[in-house]
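Please read this report with the sequence and the model side by side.

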Amino acid sequence: MPGQVRPVTDEQDGLLAYLAQMRYVIRLTAYGLTPEQLRAVPSASELSVGGLIRHCAATEEGWMATVRGEHGPVDYQAYERNFTMADGESVEELFAYYDRVAEATEKTVRDIADLDHPVPIDHSVPWNPKEYDAWSLRWVLLHLIQETARHTGHADVIRQTVDGATAYPLMAAAEGWPESPWMKPWKKV
(Lines give C-alpha, C1' and ligand atoms only; values in the text may rest on other atoms or scores of the structure.)
Protein backbone atom coordinates (compact mmCIF):
# COMPACT_ATOMS: atom_id res chain seq x y z
CA MET A 1 0.00 0.00 0.00
CA PRO A 2 1.51 3.35 -0.95
CA GLY A 3 1.87 6.39 1.26
CA GLN A 4 -1.41 7.86 -0.03
CA VAL A 5 -4.91 6.42 -0.01
CA ARG A 6 -6.08 5.31 -3.46
CA PRO A 7 -8.86 7.25 -5.19
CA VAL A 8 -12.21 6.46 -3.55
CA THR A 9 -15.55 5.75 -5.17
CA ASP A 10 -17.97 7.00 -2.52
CA GLU A 11 -18.15 8.00 1.14
CA GLN A 12 -18.28 4.47 2.54
CA ASP A 13 -15.38 3.38 0.35
CA GLY A 14 -13.43 6.48 1.41
CA LEU A 15 -13.95 5.90 5.12
CA LEU A 16 -12.93 2.24 4.84
CA ALA A 17 -9.93 3.10 2.64
CA TYR A 18 -8.66 5.74 5.08
CA LEU A 19 -9.12 3.37 8.02
CA ALA A 20 -7.22 0.67 6.12
CA GLN A 21 -4.43 3.16 5.42
CA MET A 22 -4.15 4.06 9.11
CA ARG A 23 -4.01 0.35 10.02
CA TYR A 24 -1.23 -0.08 7.48
CA VAL A 25 0.89 2.79 8.75
CA ILE A 26 0.62 1.78 12.41
CA ARG A 27 1.68 -1.75 11.40
CA LEU A 28 4.67 -0.24 9.59
CA THR A 29 5.97 1.08 12.91
CA ALA A 30 6.65 -2.56 13.86
CA TYR A 31 8.53 -3.38 10.66
CA GLY A 32 11.83 -5.10 11.43
CA LEU A 33 11.57 -4.82 15.22
CA THR A 34 12.64 -7.64 17.51
CA PRO A 35 10.14 -8.99 20.05
CA GLU A 36 11.96 -7.00 22.75
CA GLN A 37 11.81 -3.80 20.70
CA LEU A 38 8.07 -4.31 20.05
CA ARG A 39 7.54 -4.31 23.83
CA ALA A 40 10.04 -1.54 24.64
CA VAL A 41 8.68 1.45 26.58
CA PRO A 42 11.43 4.02 25.97
CA SER A 43 9.50 7.13 27.00
CA ALA A 44 7.86 8.49 30.11
CA SER A 45 4.65 6.65 29.13
CA GLU A 46 3.90 2.93 29.38
CA LEU A 47 3.33 2.76 25.62
CA SER A 48 5.10 0.37 23.25
CA VAL A 49 4.77 -0.12 19.50
CA GLY A 50 3.22 -3.57 19.95
CA GLY A 51 0.91 -2.35 22.69
CA LEU A 52 -0.36 0.53 20.55
CA ILE A 53 -1.10 -1.82 17.67
CA ARG A 54 -2.99 -4.16 20.03
CA HIS A 55 -4.90 -1.20 21.50
CA CYS A 56 -5.97 0.01 18.04
CA ALA A 57 -7.14 -3.47 17.06
CA ALA A 58 -9.03 -3.98 20.34
CA THR A 59 -10.60 -0.52 20.14
CA GLU A 60 -11.80 -1.14 16.59
CA GLU A 61 -13.15 -4.55 17.62
CA GLY A 62 -15.02 -2.98 20.53
CA TRP A 63 -16.56 -0.25 18.41
CA MET A 64 -17.74 -2.73 15.79
CA ALA A 65 -19.31 -4.88 18.52
CA THR A 66 -21.16 -1.74 19.64
CA VAL A 67 -22.25 -1.03 16.06
CA ARG A 68 -23.62 -4.59 15.82
CA GLY A 69 -25.36 -4.26 19.21
CA GLU A 70 -23.09 -6.90 20.82
CA HIS A 71 -21.01 -4.79 23.19
CA GLY A 72 -21.42 -5.21 26.94
CA PRO A 73 -20.30 -2.97 29.78
CA VAL A 74 -16.82 -1.46 29.64
CA ASP A 75 -14.17 -3.82 31.03
CA TYR A 76 -11.53 -1.40 32.31
CA GLN A 77 -9.04 -4.17 33.15
CA ALA A 78 -9.24 -5.51 29.59
CA TYR A 79 -8.86 -1.94 28.33
CA GLU A 80 -5.59 -1.61 30.28
CA ARG A 81 -4.36 -5.06 29.16
CA ASN A 82 -4.96 -4.12 25.55
CA PHE A 83 -2.12 -1.60 25.72
CA THR A 84 0.45 -4.42 25.93
CA MET A 85 1.28 -7.45 23.86
CA ALA A 86 0.55 -10.71 25.65
CA ASP A 87 3.51 -12.68 26.99
CA GLY A 88 4.81 -14.85 24.19
CA GLU A 89 2.61 -13.18 21.58
CA SER A 90 4.42 -12.71 18.26
CA VAL A 91 4.04 -9.83 15.86
CA GLU A 92 2.57 -12.32 13.37
CA GLU A 93 -0.15 -13.27 15.88
CA LEU A 94 -0.79 -9.59 16.62
CA PHE A 95 -1.12 -8.81 12.91
CA ALA A 96 -3.39 -11.83 12.37
CA TYR A 97 -5.66 -10.53 15.16
CA TYR A 98 -5.71 -7.06 13.57
CA ASP A 99 -6.46 -8.63 10.15
CA ARG A 100 -9.47 -10.48 11.62
CA VAL A 101 -10.69 -7.26 13.23
CA ALA A 102 -10.28 -5.34 9.94
CA GLU A 103 -12.14 -8.02 8.01
CA ALA A 104 -15.00 -7.96 10.53
CA THR A 105 -15.14 -4.15 10.38
CA GLU A 106 -15.36 -4.09 6.61
CA LYS A 107 -18.04 -6.81 6.59
CA THR A 108 -20.06 -4.99 9.27
CA VAL A 109 -19.93 -1.69 7.42
CA ARG A 110 -20.81 -3.24 4.07
CA ASP A 111 -23.63 -5.32 5.60
CA ILE A 112 -25.18 -2.29 7.29
CA ALA A 113 -24.49 -0.08 4.25
CA ASP A 114 -26.11 2.96 5.93
CA LEU A 115 -23.59 5.45 7.30
CA ASP A 116 -26.44 7.09 9.24
CA HIS A 117 -27.10 3.82 11.09
CA PRO A 118 -27.53 4.80 14.78
CA VAL A 119 -24.97 3.51 17.28
CA PRO A 120 -25.97 3.91 20.95
CA ILE A 121 -23.78 6.15 23.08
CA ASP A 122 -22.48 4.51 26.26
CA HIS A 123 -23.33 7.05 28.94
CA SER A 124 -21.55 5.04 31.67
CA VAL A 125 -18.19 6.52 30.68
CA PRO A 126 -17.43 10.15 31.53
CA TRP A 127 -15.93 11.11 28.17
CA ASN A 128 -19.09 10.52 26.12
CA PRO A 129 -21.59 13.38 25.76
CA LYS A 130 -24.74 12.99 27.84
CA GLU A 131 -26.94 15.17 25.65
CA TYR A 132 -26.99 12.75 22.68
CA ASP A 133 -28.39 9.23 22.43
CA ALA A 134 -26.57 7.90 19.37
CA TRP A 135 -23.54 8.27 17.15
CA SER A 136 -23.80 7.27 13.50
CA LEU A 137 -21.79 4.56 11.77
CA ARG A 138 -20.12 7.43 9.88
CA TRP A 139 -19.06 9.01 13.20
CA VAL A 140 -17.70 5.66 14.45
CA LEU A 141 -15.57 5.22 11.31
CA LEU A 142 -14.26 8.78 11.54
CA HIS A 143 -13.47 8.18 15.21
CA LEU A 144 -11.58 4.97 14.38
CA ILE A 145 -9.56 6.79 11.72
CA GLN A 146 -8.74 9.54 14.23
CA GLU A 147 -7.93 7.06 17.01
CA THR A 148 -5.66 4.96 14.81
CA ALA A 149 -3.91 8.00 13.32
CA ARG A 150 -3.35 9.50 16.78
CA HIS A 151 -1.79 6.30 18.07
CA THR A 152 0.24 5.91 14.89
CA GLY A 153 1.88 9.22 15.80
CA HIS A 154 2.66 7.86 19.25
CA ALA A 155 4.08 4.67 17.69
CA ASP A 156 6.19 6.74 15.26
CA VAL A 157 7.84 8.58 18.16
CA ILE A 158 8.39 5.36 20.12
CA ARG A 159 9.83 3.64 17.05
CA GLN A 160 12.19 6.53 16.36
CA THR A 161 13.31 6.38 20.00
CA VAL A 162 13.90 2.61 19.82
CA ASP A 163 16.11 2.57 16.72
CA GLY A 164 15.94 5.88 14.87
CA ALA A 165 13.61 4.66 12.11
CA THR A 166 11.01 7.02 10.66
CA ALA A 167 7.84 6.44 8.64
CA TYR A 168 8.82 6.90 4.99
CA PRO A 169 12.15 5.05 5.17
CA LEU A 170 10.26 2.19 6.88
CA MET A 171 7.62 2.25 4.15
CA ALA A 172 10.37 2.31 1.51
CA ALA A 173 11.99 -0.76 3.07
CA ALA A 174 8.72 -2.64 3.53
CA GLU A 175 7.59 -1.95 -0.03
CA GLY A 176 10.98 -2.36 -1.70
CA TRP A 177 11.32 1.18 -3.02
CA PRO A 178 14.64 1.80 -4.78
CA GLU A 179 17.12 4.02 -2.99
CA SER A 180 17.28 7.55 -4.34
CA PRO A 181 19.24 10.67 -3.41
CA TRP A 182 16.25 11.84 -1.32
CA MET A 183 14.93 8.52 0.05
CA LYS A 184 16.99 5.79 1.62
CA PRO A 185 14.99 2.74 2.72
CA TRP A 186 15.49 1.79 6.38
CA LYS A 187 18.00 -0.97 7.02
CA LYS A 188 18.33 -3.01 10.17
CA VAL A 189 21.64 -2.24 11.89
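This is a predicted model: local features need pLDDT of at least 70, side-chain atom pairs count only at pLDDT 80 or more; totals for chains, interfaces and linings use all residues.

**Helix H5**

Helix H5 covers residues 91-112, which makes 22 residues. From its first C-alpha to its last it reaches 31 Å, close to the 32 Å expected at 1.5 Å a residue. After H5 comes Ala113, whose phi is positive, near 65°.

Which residues of H5 are buried? They are Val91, Leu94, Phe95, Tyr97, Tyr98, Val101, Ala102, Thr105, Thr108 and Val109. Seen down the axis of H5, these buried residues fall within an arc of 155°, so they line one face of the helix. An α-helix has 3.6 residues a turn, so residues three or four places apart point the same way. On the other side of H5, Glu92, Arg100, Glu103, Lys107 and Asp111 are exposed. The cover over the buried residues of H5 includes helix H1 (11-28), helix H2 (35-39), helix H3 (49-67) and helix H6 (137-163).

**Salt bridges**

The structure holds 14 salt bridges. Three of them are listed here, with the distance between nitrogen and oxygen.

| Salt bridge | N to O distance |
|---|---|
| Arg23 and Glu106 | 3.5 Å |
| Lys107 and Asp111 | 2.5 Å |
| Asp116 and Arg138 | 2.6 Å |

Arg23 forms its salt bridge with Glu106. This pair links distant parts of the chain, since Arg23 is in helix H1 and Glu106 in helix H5, 83 residues apart. Arg23 is buried, with a relative accessible area of 6%, whereas Glu106 is partly exposed at 23%. A network of salt bridges links Arg23, Glu60, Glu106 and Arg110.

Lys107 and Asp111 both lie in helix H5, 4 residues apart, about one turn of the helix. Why do Lys107 and Asp111 count as exposed? Exposed means over 50% relative accessible area. Lys107 has a value of 52%, so it is exposed, and Asp111 has 53%, so it is exposed too.

The side chains of Asp116 and Arg138 also meet in a salt bridge. Arg138 is partly exposed, with a relative accessible area of 23%.

**Rings and charges**

The count of aromatic pairs comes to 6. In one of them, the rings of Tyr31 and Trp186 have their centres 5.8 Å apart and their planes at 75°, so the pair is edge-to-face. Tyr31 is in the loop between H1 and H2, while Trp186 is in the segment after helix H7 (167-175), and 155 residues separate the two. Tyr31 is partly exposed, with a relative accessible area of 33%; Trp186 is buried, at 16%. Ring pairs also link Trp63, Trp135 and Trp139 into a cluster.

**A buried loop residue**

Where does Ile121 lie? Its place is in the loop between strand S1 (118-120) and strand S2 (134-136). Ile121 has 7% relative accessibility, so it counts as buried. Leaving aside neighbours within four places in sequence, Ile121 is in contact with Asn128, Pro129, Tyr132, Asp133, Ala134 and Trp135. Trp135 is also part of the ring cluster with Trp63 and Trp139.

Notes
Residues are numbered from 1 along each chain as its sequence is written. Side-chain values use heavy atoms; hydrogens and water are left out. The expected span of a helix is 1.5 Å times one less than its number of residues. Buried means under 20% relative accessible area, exposed over 50%, partly exposed in between (1.4 Å probe, protein chains only). The arc is that of the directions from the helix axis to the C-beta atoms. Contact means heavy atoms within 4.5 Å. Rings of Phe, Tyr and Trp (its six-membered ring) pair if their centres lie within 6.5 Å; planes under 30 degrees apart count as stacked, over 60 as edge-to-face and the rest as tilted. A salt bridge is a side-chain nitrogen of Lys or Arg within 4 Å of a carboxyl oxygen of Asp or Glu.
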